[in-house]
Amino acid sequence: MSAPLAELTVDSVTGIDVSLPLAGPGARSFAFIIDWHIRLVLGLAWYAVGTLIWNGGFSLRPPLPAEQAWIGTVIMPSLAIYFLYHPVVEVAMHGRTPGKRRVGIRIVTRSGATPGAGAQLVRNAFRLIDSLPVFYGVGLTLMVWTRESLRCGDMAAGTLLVYERNATETGLVQNAAQRVGRLDTVGAEIAADLLERWPGLVPEARIRLARQLLQRYLGADADLRDGDELQWRSRLERLARP
Amino acid sequence: MASRADAAARRQALAAALLGRTHVWQEADARAARFARGRTDDAADAARLADDYRLLAHDVARARALIPASRTREYLESAYARAHTTLHHGAAHAGSALRRLFLEETPAAVRWLAPYLAWTTLIFVLAAFAGYALVHRYPDLIALFASPATIASVDSGKLWTQGLLNVVPSSILSVEILTNNIVVSLFAYCLGFLFGLGTLYILGLNGLMLGAIFAFVGQHGLAGELFKFIVAHGCVELSVMCLTGAAGAAIGEALIRPGSGGRLESFRAAAMRTGPVLLSCALLLVGAGLIEGFVSPDPRFSLATRILIGVGYWCLMVAFLSGRLFARRPRQPLTVHG
């Protein structure tokens with residue numbers, strides 16, 4: 001097995017190449033599972049709401065015998081949502097899906113551009129091969145065995161999946177910029193991240209992380225006496241103050 | 001020792017200065033996003049985007065040297081990549097991508113596939129003749145191509161399609177048929193991946209089945225009835241199967257005889273060249289499925305009407321695949337008559 005290639009590098013006229021980190025099988029599978037749940041829930045929701053309206057009461061039983069209007073308005077749209085989700089959403093969202101966006105990855109061509117509709121269709125048509133024999137067996141095997149984590153559809157369409165840091169990172173970067181003082185850039189980022197996530201962490205985790213950060217940057221000078229959460233937070237803020 | 005401390009302090013000062021430019025990156029990223037989504041076409045803004053690109057390149061180079069293992073560097077790389085893509089590839093519009101697909105890419109792919117189409121059609125026709133000859137000579141072989149229920153129905157003197165609408169509503173029939181046809185056509189395309197053998201198998205098998213069934217129903221005097229059933233939807237359905245088979249054959253040939261770029265590159269080039277026909281083929285099969293569900297099994301349609309529908313839809317298919325259906329006529333230049 002060859003070592004995974006970390007980045008897609010695209011030449012630029014500035015002389016500074018554009019570097020895009022490649023997504024591996026883990027990130028891709030995670031995005032797929034999120035999307036699978038979304039399309040399943042949407043398809044089932046359409047079916048449930050459509051059938052409830054059709055029956056005029058709380059019953060999900062299909063009408064017997066099946067009526068053409070019910071099939072046209074309930075069954076076909078549900079199946080279309082499930083089966084056409086990927087090609088339609090990927091074309092409409094320029095190589096992203098809600099699952100990919102959640103994971104922070106998107107589809108690009110080898111030049112770093114958003115693939116055209118033809119490439120997206122080819123990529124999705126080859127899901128037939130990638131999904132064989134079950135649970136994307138061919139696709140997953142190819143992803144593990146290729147340097148750039150490609151499945152058959154990617155090979156055919158000339159596409160790759162890369163990570164992208166979106167605009168939500170900007171806040172963190174800005175906060176880190178304000179905290180560079182006694183800390184180096186990475187330390188400032190960690191401190192900014194920890195203070196931002198402070199309310200969402202359990203108390204033990206807050207204290208443990210604050211202790212580790214103080215120890216790392218202040219060493220023997222760190223004030224590591226026991227205290228309540230507020231004291232640990234104020235020590236962390238003093239460290240992160242420029 | 002002191003000089004090492006000075007160097008560290010200098011690096012930290014440079015990193016702090018670099019991080020102080022965050023708002024500039026933010027503005028540049030927002031501008032690139034506006035252009036990428038086609039939300040602005042302001043010339044001054046476009047000029048600023050070019051400046052942003054150079055500025056981001058400069059900062060990326062510094063970030064790679066000063067803060068390589070930081071999220072700030074990762075964010076900056078992404079902002080630089082977005083500016084690069086926007087500047088070099090323009091805005092992406094789903095609508096214009098689809099328009100280009102139908103008006104330019106599909107007709108070009110069909111033209112390129114013409115020799116492959118001739119070969120796959122020949123293979124399909126030869127397989128149909130072979131199936132016909134086999135069952136004509138050895139009638140028992142029909143058991144290889146048709147289900148026992150179909151054989152029993154024909155043996156009793158009627159086609160299995162008669163009274164089909166009494167059993168299954170047209171809409172269900174259409175959905176089943178068009179789904180099956182689209183999956184078979186996509187397999188005919190994708191199985192070109194197996195050096196063309198999968199495509200050959202699907203074309204050959206379908207040709208054999210068609211010929212064998214015609215020979216079998218002919219022996220019971222029902223060939224005319226079967227033709228009447230098939231003609232409305234079959235012209236397009238079989239043409240599309242040959243076309244997707246041609247695309248699969250092109251992929252197979254690319255793998256068997258790769259150019260100087262290597263097998264993977266050759267496969268990618270062939271798939272990209274032939275891929276645009278897939279959406280058109282799927283749409284045409286939806287139409288064929290609707291005809292097969294609503295028109296073909298309905299005894300109220302006469303043979304002449306069915307032929308008219310079949311030929312008409314086939315002509316529509318040719319116009320659609322050649323790009324003439326939606327092509328805009330070139331405007332006549334204004335002339336002054338003296």
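Predicted model: local features only at pLDDT ≥ 70, side-chain atom pairs only at ≥ 80, totals over all residues.
**Figure 1. Overall form of chain A.** Chain A contains 11 helices and 4 strands. Its radius of gyration is 25 Å, well over the 18 Å that the globule rule gives for 242 residues, so chain A is more spread out than a compact globule. The C-alpha trace of chain A spans about 80 × 55 × 35 Å along its principal axes. Of the 242 residues in chain A, 36% are buried. Among contacts in chain A between residues at least 6 apart in sequence, those joining residues at least 24 apart account for 58%.

**Figure 2. Helix α9 of chain A.** Helix α9 of chain A covers residues 185-197, 13 residues in total. From its first C-alpha to its last, this helix reaches 18 Å, close to the 18 Å expected at 1.5 Å a residue. The buried residues of α9(A) are A:Thr185, A:Gly187, A:Ala188, A:Glu189, A:Ile190, A:Ala191 and A:Ala192.

Figure 3. In soluble globular proteins, nonpolar side chains tend to be buried together. The largest nonpolar core in this model comprises 85 residues, and those with the most contacts inside it are A:Val122, B:Ala212 and B:Ala250. Helix α12 of chain B (residues 223-256) gives the most to this core, contributing 17 residues. A second, separate core has 34 residues, including A:Ala31, A:Leu160, B:Leu66 and B:Ala79.

**Figure 4. Surroundings of B:Ala250.** When neighbours within four places in sequence are left aside, B:Ala250 is in contact with B:Leu113, B:Tyr116, B:Ala270 and B:Thr274. B:Ala250 is also among the residues with the most contacts inside the largest nonpolar core.

**Figure 5. Packing of helices α2 and α4 in chain B.** Helix α2 (residues 22-36) and helix α4 (residues 71-89) of chain B pack at an angle of about 35 degrees, and their axes are 9 Å apart. The crossing of α2(B) and α4(B) is left-handed. On α2(B), the contact is made by B:Trp25, B:Ala28, B:Asp29, B:Ala32, B:Ala33, B:Phe35 and B:Ala36. On α4(B), the residues making the contact are B:Leu76, B:Ala79, B:Arg82, B:Ala83 and B:Thr86.

**Figure 6. The side of chain B that touches chain A.** Contacts between the chains involve 52 residues of chain B and 48 residues of chain A. The elements of chain B that give two or more residues to this side are α1 (2-19), α2, α3 (43-66), α4, α5 (94-112), α10 (170-190), α13 (263-274) and α14 (277-294). The largest share, 11 residues, comes from α4(B).

Methods
Residues numbered from 1 in each chain as written. Chains lettered and ligands numbered in written order. Expected span 1.5 Å × (residues − 1). Buried ≥ 20, exposed ≤ 12 C-beta atoms within 10 Å, placed from the backbone. Core = buried A, V, L, I, M, F, W, Y, C linked by C-beta atoms within 7 Å. Contact = placed C-beta atoms within 7 Å. Rg over C-alpha atoms; globule rule 2.2 N^0.38 Å. Axes fitted to C-alpha atoms, helices over the stretch in contact; angles between N-to-C directions. Left-handed = near helix turned anticlockwise from the far one by under 90°.
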